[in-house]
Amino acid sequence: MSMFEWLAPALLLLFAGPLHAAEGPGLGAPANEADIAAWNIEIQPDGKGLPAGRGLAAEGEKIFAEKCQRCHGEKGGGKPNDQLVGGFGTLSAPEKPAVKTVGSFWPYATTLFDYTRRAMPWDAPRSLSNPEVYALVAFLLRENGVIGADDAMDADTLPRVVMPNRDGFIPFPRKPF
Amino acid sequence: MSGQNTSGAPPAAGGGLLDRRALFEGALGAGLLSASGAAAETLGDPVWTQKPGANFTPYGQPSRFESKVKRVWAPPANPATPGIGASRTPHQFLDGAITPNSLHFERAHGGIPDIDPEQHRLVIHGLVKRPLVFTMEALSRYPMKSRIAFIECGGNGGSLSQPVAQNVDAQAIRGLVSCAEWTGVPLSILLDEAGVDPAAKFVFAEGADSAGMSRSIPLAKAMDDALVCLYQNGERIRPGNGYPVRLLAPGFEGNMNVKWLRRLKLVASPVMTKDETSKYTVLLDSGKTWQFIWPIEVNSFITRPSPGIGMPGPGLFEISGLAWSGAGQIKTVEVSADGGKSWAPAALQDPVLPKALTRFRIPWKWDGGPALLQSRSTDAAGNLQPSRAAMIAERGLRGQFHVNCILTWAIGANGEASNVYV
């Protein structure tokens, strides 16, 4: 069962009777998808939103060394900023610090594309081309042992990647709101 | 005199806690108050009385004698990334329930953007009949609503997950919650204008900051009480809090109140952004992780006394603090002076508003001996703030986020308070 399925009954219940009688002056201008395309960047877990282009880990490795390594360490080993690779086995070992990385923790590979493209490199976000983002994603997934060395990442393959901690997320035990 | 209750107010619990009604009914005897009052001094006219003061200023500043009252923030792990992290509210120096705008906590993932409101736009699209784009001028012409609400970062209180109690103050532990009067357009009005498709279940909200901070908000919440805010305590929202426009999702985890709001997309299921998967989720000892902990859970802490705000000597003091819950109103706050062995109900300062900070107070006669001060709150839904031990039993120590356990201040013989675990 997906995260969303267990939330659905609670959400529907709450949505049954919203109280919104107020009306506005209707000042929103019609927007067409072409005009807002540059802002329409989020990637959904089913791959909706993924652009054309593809990338390989070998290409990503070069880009990472050039644009990411100074903050995330060699091959994503961490320091000064987040460790992006490794940490396997630490989540269910409460006596040890949890090492939450893309590989050990993230439930969806699509999030890695979304986040890298929107926010990284931290000091030059939105500067990577789509093939560069695919290549970086392929590199980080390969380093985490999630995909093979020659697996190209694109709009078709990325949403089909199953992350190791995909089923690690559970509902909060108290009612959502 | 110490240890002797000469006030006439009945004791309410161990360790010198007095009946809360004494605060308002004047039952505190003059004898006790004068015992700790200052010695008589000869009064004259100071220099500010003997000549006229300064001219007005266009935008006010606090007195120069209040310079210690300021936000603080930890330097980022990487000096190359200033503006990553959070500035904290100095609650130990404040009273009342409203946080001044200059002291409201700020959390940023990519620094604080300098947004020109003329160029900023808010887009609503996705599963809607009519995708729309709003200028800030257009938004300012909509019917508005005001409400007083707290916002709390999901990471507030994280230091209480440290295995050893940190030698830090209230600001460092609980400074990532603040409360303001927020004014804006009910989101439901804008969504109705766009015409929500029945397939939509979430609103993906995204900021215009360089981090593009984004969250998936349940549509039911968006239609219920969410506001697209332009004003904070009567003036335009401060840059660090989302200028020119932010979302308010009352009672929900801080970063769902998306700042620098530029896009709302109606979607069928959560987008699973970095800040709702990798971060703002709670890892349990089992290795499983709670996700989508939307409302902030019931919480409270004592702001005075607290580290740095000690007592000069034995006598009568007011213990004061803040309580809040994302589930609604605060119903009761209890205070203990003996580390949780006995509890006395505190007085709640009016107005007690849902999803807002609530000030509590209780008189306390400190006898000069060691004391362990705690507060615990219960909300209108009946949720009781857990002890630290109860919290750890449920979720371990590695969760990082949504830490709402009881905070303990140990009072030493010198009257100073420090953070301890009991």
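This is a predicted model: local features need pLDDT of at least 70, side-chain atom pairs count only at pLDDT 80 or more; totals for chains, interfaces and linings use all residues.
**Notebook: aromatic rings and one glutamate**

Phe172(A) and Trp290(B) form one that is edge-to-face. Their centres are 5.0 Å apart, with 80° between the planes. This pair crosses between chains. Phe172(A) lies in the segment after strand 4 (169–171) of chain A, and Trp290(B) lies in strand 17 (residues 289–291) of chain B.

I then turned to Tyr280(B) and Phe401(B), a tilted pair at 4.9 Å centre to centre and 35° between the planes. The two residues are 121 residues apart and link distant parts of the chain. I checked burial too. Tyr280(B) counts as buried because its relative accessibility is 4%. Phe401(B) is also buried, at 8%.

I found a cluster linked by ring pairs: Phe177(A), Phe202(B), Phe252(B), Phe292(B) and Trp294(B).

I looked for charges over rings. The charged end of Lys100(A) sits over the ring of Phe105(A), 4.9 Å from its centre. The charged end of Arg388(B) sits over the ring of Tyr421(B), 3.4 Å from its centre.

Last, I looked up Glu42(A). I placed it in the loop between helix 2 (33–36) and strand 2 (54–55) of chain A. Glu42(A) is buried, with a relative accessible area of 1%. Its side chain makes a polar contact with the side chain of Gln44(A) at 3.3 Å. Another polar contact, of 2.9 Å, joins the side chains of Glu42(A) and Arg263(B). Glu42(A) also touches residues including Asp114(A), Arg118(A), Phe204(B) and Lys265(B).

Terms used: Residues are numbered from 1 along each chain as its sequence is written. Chains are lettered from A and ligands numbered from 1 in the order in which they are written. Side-chain values use heavy atoms; hydrogens and water are left out. Helices (H or I, at least four residues) and strands (E, at least two) are DSSP runs, numbered from the N terminus. Buried means under 20% relative accessible area, exposed over 50%, partly exposed in between (1.4 Å probe, protein chains only). A polar contact is a pair of N or O atoms within 3.5 Å; within protein, one must be able to donate a hydrogen and the other to accept it, and residues adjacent in sequence count only if both atoms are side-chain atoms. Contact means heavy atoms within 4.5 Å. Rings of Phe, Tyr and Trp (its six-membered ring) pair if their centres lie within 6.5 Å; planes under 30 degrees apart count as stacked, over 60 as edge-to-face and the rest as tilted. A charge sits over a ring if NZ of Lys or CZ of Arg is within 6 Å of the ring centre and within 35 degrees of the ring normal. Lists of a residue's contacts leave out its neighbours within four places in sequence.
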